[in-house]
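Please look over the model below before reading on. My notes follow as numbered points.

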Amino acid sequence: MSAELMIGTDLAAGMVATAAERASALQEKYGVQPCLATVLVGDDPASATYVRMKQNRSKKAGIASRSVVLPASTTTEELVAEITKLSEDPSVHGILLQHPVPAQIDERAAFEAIDPAKDVDGVTMRSFAATAFDSPGFRSATPGGILRLLAAYDVPLEGAHAVVIGRSPILGKPAGMLLLASNATVTYAHSRTRDLKDLVRTADVVIAAVGKPNFVRGDWLKPGAVVVDAGYNEGNVGDVHFAEAVEVARLITPVPGGVGPMTLALLLEQTVDAAETAVHSLTALN
Ligand SMILES: Nc1nc(=O)c2c([nH]1)NC[C@@H]1CN(c3ccc(C(=O)N[C@@H](CCC(=O)O)C(=O)O)cc3)C=[N+]21
């Protein structure tokens, strides 16, 4: 028996097509093209690749992109100053600061320099709070994309036990909040969790967001579990040992083609949301 795949690619393509239509309507009606600014600090090749992917995907959706690249030696103050400029620039609707940033930078301070109205990647405390309170606001791109994927595959969340492995501020932690808002019973597992394997065995839904290649093994899973692999390790390897897990799970995301494209789709959708809100608040004033 082999699990059914939760394919993000096709669902994401549909979301991007819808975002593209909305972008072109904004252009036609108001002469405004949605614009996403990406900020990359340092010269990590993998990060550069992700940023390039985000720009390519934006272009296809009729979203302009602005690229800011800063040296690895950038200070927190310099980065905050750059982001503040983008926050104040009316031609920019969304801002993405590529994570991780070099160690000398206070990443939280940099994220908080993003105007909450432009936080289309959902990384600010404001967006996190909106997620935690289940109120309107931007969702962190990967967790938001994961929930869309689970909904598209009709995964029942109410009363289900969801185990989130990982508690990072832009992935594991908000993913748990979204699952909770869908009435799942949520357990966070992390590096200090005891008996992880036994815990994962009790999960109806597993979200793997640890950043360790092939970390979650097939024999950790309850037969019939739904497995979401949010890992993005070198060489397009996920956090789940796919070949083992696919034999035990009922539904599983592939890597590539699962969570990754959904992350980008949500980012673009939220960029158009931000542009629409900006245009409408301007036209309301006129
Ligand atoms: N502020 C911030 N926000 C992020 O959302 C963010 C980030 N920093 N830092 C890095 C991670 C990683 N990430 C990915 C997005 C898409 C794919 C993706 O689409 N991957 C393709 C494969 C890519 C390929 O073919 O090379 C796939 O899974 O099908 C992967 C990884 C977003 N991240």
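1. Which residues have the most contacts inside the largest nonpolar core? They are Ile-146, Val-206, Ile-207, Ala-208 and Val-227, in a core of 88 residues. Helix H10 (residues 259-285) gives the most to this core, with eleven residues. Domain 1 (31-115) and domain 2 (141-259) each supply at least three residues to the core. A nonpolar core here is a set of buried Ala, Val, Leu, Ile, Met, Phe, Trp, Tyr and Cys residues joined through C-beta atoms within 7 Å. Buried means 20 or more other C-beta atoms within 10 Å of a residue's own; exposed means 12 or fewer; partly exposed lies in between, and C-beta atoms are placed from the backbone. In soluble globular proteins, nonpolar side chains tend to be buried together.

2. On provenance: this is a predicted model, in which local features need pLDDT of at least 70, side-chain atom pairs count only at pLDDT 80 or more, and totals for chains, interfaces and linings use all residues. Residues are numbered from 1 along each chain as its sequence is written.

3. The domain assignment gives domain 1 (31-115) and domain 2 (141-259). Such bounds come from an automatic or database assignment. The two domain centres, taken over C-alpha atoms, are 28 Å apart.

4. Helix H6 covers residues 141-152. Helices (H or I, at least four residues) and strands (E, at least two) are DSSP runs, numbered from the N terminus. H6 reaches 16 Å from first to last C-alpha, close to the 16 Å expected at 1.5 Å a residue. That expected span is 1.5 Å times one less than the number of residues. Nine of the twelve residues of H6 are buried, so the helix is largely enclosed by the rest of the structure. Among the buried ones are Gly-144, Ile-146 and Leu-150. After H6 comes Asp-154, with a positive phi near 55°.

5. Not counting residues up to four places away in sequence, Ile-146 touches Ala-175, Ile-207, Val-228, Ala-230, Val-259 and Met-262. Contact means C-beta atoms, placed from the backbone, within 7 Å.

6. Now the sheet. Six strands form an open sheet in the order S1-S9-S8-S7-S5-S6, with parallel pairing. Strand S1 (4-5) and S6 are at the edges with a single partner strand each, so one side of each lacks a neighbour in the sheet. Strands pair if DSSP finds at least two bridges between them. S5 and S6 (residues 185-189) pair over five bridges. Val-164 stands opposite Tyr-188, and Val-163 has Thr-187 as bridge partner. Four of the five residues of S5 are buried.

7. What does UniProt place at Gly-166, Arg-167 and Ser-168? The unreviewed entry gives the feature "binding site" there. Such annotations may be inferred rather than shown by experiment. Gly-166 sits in the loop between strand S5 (161-165) and helix H7 (172-181), and Arg-167 lies in that loop between S5 and H7 as well.

8. Is Gly-166 buried or exposed? Gly-166 is buried, with 23 other C-beta atoms within 10 Å. Arg-167 is partly exposed, with 18. Beyond four places in sequence, contacts of Gly-166 include His-190 and Ala-209.

Note on methods:
Contact = placed C-beta atoms within 7 Å.
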